[in-house]
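Visitor: I have a protein model open and would like to learn to read it. Could you take me through some features?

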Amino acid sequence: MLSILDIFRIGIGPSSSHTVGPMRIARTFVRALEKAEKLDRTARVAVELQGSLALTGIGHGTLDATILGLAGFRPDRTDPDEAVRTLEDIAASGRLKLGNAVEIGFDRARDIDLAGHVIPELHPNGMRLVAYDETGEVLLERTYYSTGGGFVASEAQLRRKPKNDQVNAGTSVPHDFRSAADLLAIADETGLSIAEIVLANEDAVRPREATLEGIDRIAGAMDQCIDRGLSQRGVLPGGLKVARRAPDLWDKLSANPQSNEREQLFDWLNCYAMAVNEENAAGGRVVTAPTNGAAGIIPAVIRFYCVANEEKPCRDSRRTFLLTAGAIGLLYKQRASISGAEMGCQGEVGVACSMAAGGLAALWGASPVQVASAAEIGMEHNLGLTCDPVGGLVQVPCIERNAIGAVKAVNAARLALHRTGAESLVSLDQVIETMRQTGLDMSNKYKETSQGGLAVNVIEC
């Protein structure tokens with residue numbers, strides 16, 4: 001099984017699939033060259049960005065991320081200011097140090113091909129890399145895919161079909177679950193909460209202290225992203241002239257002595273969610289939750305709970321929330337997809353809303369069945385949500401969409417808590433499968449290509 005520390009990754013904006021993934025792919029390719037003892041002979045690297053990576057690559061920072069990955073940068077350790085300086089140096093000198101070791105000539109226009117007309121069979125986010133020696137001979141050629149949420153896979157991995165005896169290969173865990181039904185059955189048999197089940201499984205991967213430290217690090221990064229987003233003003237990059245709104249809303253709410261009235265609770269959620277996604281749009285440090293495009297929902301709901309309950313530092317609540325939400329995210333990742341290029345925005349904002357609803361329900365004392373119900377409600381009312389970013393940027397409609405998703409998540413948790421007795425008519429497994437089928441049926445122009453919806457009906461200024 002995947003770890004929840006794979007679902008929540010610290011990286012940089014604006015996109016987990018189009019920024020974090022390509023950076024990891026480029027870095028992986030350089031490491032493959034080194035392993036094959038061909039790095040020292042490399043004189044040029046050519047990259048072909050395919051499908052959605054090409055169609056929205058400029059607005060999503062894919063080209064910059066690819067260059068940084070070739071230069072040895074890691075998403076979870078990247079300082080945005082250092083990254084800018086490195087890109088400027090490469091552009092000015094026409095030279096790039098592969099893996100920060102071997103210097104080659106590099107020209108963005110020559111060496112990165114935006115092949116939007118190539119729609120890969122295995123996944124819409126294809127990336128082909130070729131290394132050449134001084135004579136032009138091919139040293140290594142690989143094709144990878146950015147499969148959403150910062151996850152990447154090689155062509156060989158996606159083509160490989162598991163044998164019957166390999167279906168459950170990998171780390172053995174005490175509570176193996178492949179569906180929400182499995183998860184609820186385990187909870188019923190053991191009397192454990194969903195968070196406790198997941199934590200026990202994580203114990204099979206690493207010491208518990210390391211898992212808890214990892215969760216705390218994720219929660220801390222989420223908090224830092226909100227705080228930075230509440231303090232930064234100005235116009236977001238990209239040319240749409242979208243101004244940051246979270247700081248002004250924060251000032252207004254903070255100055256209002258009646259800001260905890262019911263009608264203003266939505267404003268707090270809006271404020272926190274937009275703060276994160278404005279940071280993401282600016283290329284700041286964010287946590288994939290489960291993607292960058294949907295990164296504001298879970299942090300906003302956690303902050304909402306901690307503030308409303310005056311919990312400081314809220315450590316245990318954050319752990320329970322992220323363990324529960326992580327379990328739900330694992331189900332979507334394994335049974336469907338969290339890639340906007342495959343599922344549309346239902347696979348990003350919809351999944352984040354579902355995860356946040358389940359996590360919040362757990363903090364409010366929900367049973368495992370009610371947690372699953374909250375997650376189901378969170379997705380059911382995001383089914384069919386398209387991904388149609390204006391100008392290929394994660395600004396319109398993405399920033400406000402996270403605010404709406406956070407509000408939906410809280411309401412989904414409330415509705416689930418009011419449900420008693422039998423499970424809901426629609427199960428979490430059924431809604432995950434419905435999302436998968438809907439994503440497969442959805443036209444490609446509504447799946448992170450900027451070729452339909454708002455992307456073609458809003459005039460770019």
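**Reading the model**

Guide: Start with strand β2, residues 44–50, which pairs with β5 in the parallel sense over 4 bridges. Strands pair if DSSP finds at least two bridges between them. Helices (H or I, at least four residues) and strands (E, at least two) are DSSP runs, numbered from the N terminus. This is a predicted model: local features need pLDDT of at least 70, side-chain atom pairs count only at pLDDT 80 or more, and totals for chains, interfaces and linings use all residues. Residues are numbered from 1 along each chain as its sequence is written, and side-chain values use heavy atoms, with hydrogens and water left out.

Visitor: Which residue stands opposite glutamine 50 in β5?

Guide: Alanine 115 does.

Visitor: In what order do the strands form the open sheet?

Guide: The order of its 5 strands is β5-β2-β6-β7-β8, with mixed pairing. The edge strands, β5 (112–115) and β8 (151–154), each pair on one side only. On average, neighbouring strands are turned by 20° against each other, direction ignored. For such angles, axes are lines fitted to C-alpha atoms, for helices over the stretch in contact (heavy atoms within 4.5 Å). Angles run from 0 to 180 degrees between N-to-C directions.

Visitor: Which strands does helix α2 lie across?

Guide: Helix α2 (residues 16–35) lies across β2, β6 (126–132), β7 (138–148) and β8. The helix runs at about 150° to β7.

Visitor: How is buried told from exposed?

Guide: Buried means under 20% relative accessible area, exposed over 50%, and partly exposed in between (1.4 Å probe, protein chains only). Take serine 317, in helix α14 (residues 315–335).

Visitor: Why does serine 317 count as buried?

Guide: Because its relative accessibility is 11%. Serine 317 touches Tyr305, Glu311 and Leu363, not counting residues up to four places away in sequence.

Visitor: And glutamate 209: buried or exposed?

Guide: Glutamate 209 is exposed, because its relative accessible area is 54%. This residue is in helix α10. Glutamate 209 and valine 173 are 36 residues apart in sequence, and 17 Å apart in space, C-alpha to C-alpha.

Visitor: Which residue classes make up the lining of the second largest pocket?

Guide: That lining has 18 nonpolar, 12 polar and 7 charged residues. Ala, Val, Leu, Ile, Met, Phe, Trp, Tyr, Cys and Pro count as nonpolar, Asp, Glu, Lys and Arg as charged, and the others, Gly among them, as polar.
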